[in-house]
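Here is the note you asked for on this model. Please read it with the structure open beside you.

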Amino acid sequence: MTAALSSSTPLVFEHVSHWYGDVVAVNDISAVVEPGITGLLGPNGAGKTTLLQLAAGLMRPSGGTVRVFGESPVKNPGIFRHVALVPEREALPGMLSARAFVEARATLLGLRDVHGAAKAALEMVEMDTVADRAVAGFSKGMKQRTKLAAALVQRPRLVLLDEPFNGLDPRQRLQMMQLLEARAAEGVAVLLSSHILEEIEGVASRILVMLSGRLAASGDHRTLRRMMTDRPHTVRIRASDVRTLAARLVAQPAVMGIDVEGTDAMHVRTTDYTAFSRLLVRAAQGDTSSGAANAAPITLYDVQPTDESLEHVFAYLVER
């Protein structure tokens with residue numbers, strides 16, 4: 001019989017830090033993960049995997065506390081029965097079938113009906129028709145679903161997934177989202193990581209953004225989209241007459257500053273990229289919008305945002 005849990009809150013990080021020697025992987029993170037789906041978003045190397053491993057109890061934090069249902073997950077079998085981690089890296093013995101792999105986990109967990117639990121888990125991820133094939137012959141997507149079946153075999157109340165959509169085609173990705181949504185509807189807490197906002201904004205009700213081990217922002221996907229859209233942008237422009245074009249743009253409200261680079265290029269900082277794009281076209285066409293005669297048109301050779309990578313976006317969120 002399973003002992004009663006100390007708390008109904010699935011996961012709490014309180015000023016959690018973790019470092020490997022001189023490398024700080026997680027830096028003073030505080031967050032609460034409630035039932036439902038929470039996304040953990042950040043570029044590669046942000047510390048997402050370390051945070052998931054801390055939540056699973058695979059290591060102790062160097063500072064702060066991790067609480068899973070009110071208790072430390074480290075060396076805590078009572079808590080481990082309620083938590084499942086699906087790692088990004090492959091950890092599947094190729095000689096085993098999917099059924100044997102899932103049954104092995106069910107046996108290790110001490111489940112009474114090993115075969116029945118494994119069968120239900122494989123059906124849940126639609127791997128039951130190939131369950132007796134060797135894992136070595138599986139595609140990456142099939143291996144992902146096999147790992148998920150093994151994680152779900154004990155019906156955990158907290159599921160941790162590290163980049164679960166890697167290797168999945170669009171149909172499998174939709175299938176995975178529906179599966180996670182079904183678990184969330186049952187009251188399961190799901191924390192999944194990704195470096196792609198589009199992968200998790202459609203399924204996660206809340207998103208935690210990480211950069212360089214720190215929590216940069218949190219909120220629903222609409223809040224984060226607005227924060228990312230409203231941030232300053234830098235645009236590199238190549239044109240036939242950058243000095244004249246700069247003179248036409250510099251007094252506009254959407255323009256924060258201009259740096260001319262040589263004879264045919266400049267960098268423009270803007271507060272509203274959409275408005276600036278329309279403004280740039282008019283300025284290049286010679287539309288003064290002042291009632292005076294239009295000026296000579298300027299040829300635009302290239303217009304390229306220079307800070308659209310996730311690293312730039314997340315760095316801005318950290319600095320806010």
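The points below go from the whole chain to single elements and residues.

1. This is a predicted model, in which local features need pLDDT of at least 70 and side-chain atom pairs count only at pLDDT 80 or more, while totals for chains, interfaces and linings use all residues. Residues are numbered from 1 along each chain as its sequence is written, and side-chain values use heavy atoms, with hydrogens and water left out.

2. The secondary structure of the chain comes to 11 helices and 13 strands, taken as DSSP runs (helices H or I, at least four residues; strands E, at least two) and numbered from the N terminus. Of the 320 residues, 46% are buried, where buried means under 20% relative accessible area, exposed over 50% and partly exposed in between, with a 1.4 Å probe and protein chains only. When contacts between residues at least 6 apart in sequence are considered, 68% join residues at least 24 apart; contact means heavy atoms within 4.5 Å.

3. Helix α5 covers residues 140–152, and its 13 residues should span 18 Å at 1.5 Å a residue, which agrees with end C-alpha atoms 18 Å apart; the expected span is 1.5 Å times one less than the number of residues. Because 11 of its 13 residues are buried, α5 is largely enclosed by the rest of the structure. Among the buried residues are Arg145 and Lys147 as well as Leu148 and Leu152, and what covers the buried residues of α5 includes β5, α3, α4, β6 and α6.

4. Helix α6 has 16 residues and reaches 22 Å from its first C-alpha to its last, close to the 22 Å expected. Its buried residues, including Gln172, Met176, Leu180 and Arg183, pack against β3, α4, α5, β6, β7 and α7. After α6 comes Gly187, with a positive phi near 95 degrees.

5. Where does Gln175 lie, and what does Gln175 touch? Gln175 is in helix α6 and is buried, with a relative accessible area of 16%. Leaving out residues up to four places away in sequence, Gln175 touches Glu126 and Arg145. Gln175 and Glu126 are 49 residues apart in sequence, with 9.1 Å between their C-alpha atoms.

6. Strand β10 runs antiparallel to β12, to which 6 bridges join it, and antiparallel to β13, with 5 bridges; two strands pair if DSSP finds at least two bridges between them. Arg236 stands opposite His267 in β12, and the bridge partner of Arg238 in β13 is Asp302.

7. The loop between β4 and α2 holds Asn76, which is buried, with a relative accessible area of 18%. A polar contact of 2.9 Å joins the side chains of Asn76 and Glu71.

8. The largest pocket has a volume of about 420 Å³ and is lined by 21 residues, of which Phe80, Leu85, Pro87, Phe101 and Arg105 lie nearest its centre. Elements that each supply at least two residues of its lining are β5, α3 and α5.

Note on methods
A polar contact is a pair of N or O atoms within 3.5 Å; within protein, one must be able to donate a hydrogen and the other to accept it, and residues adjacent in sequence count only if both atoms are side-chain atoms. On a 1 Å grid over the protein atoms alone, a cavity is a set of points where a 1.4 Å probe fits but cannot get out, and a pocket is an open set with protein on both sides within 12 Å along at least five of seven lines; lining residues have an atom within 4 Å of a point. Grid points are joined across faces, edges and corners, and a volume is the space filled by probe spheres set on the points.
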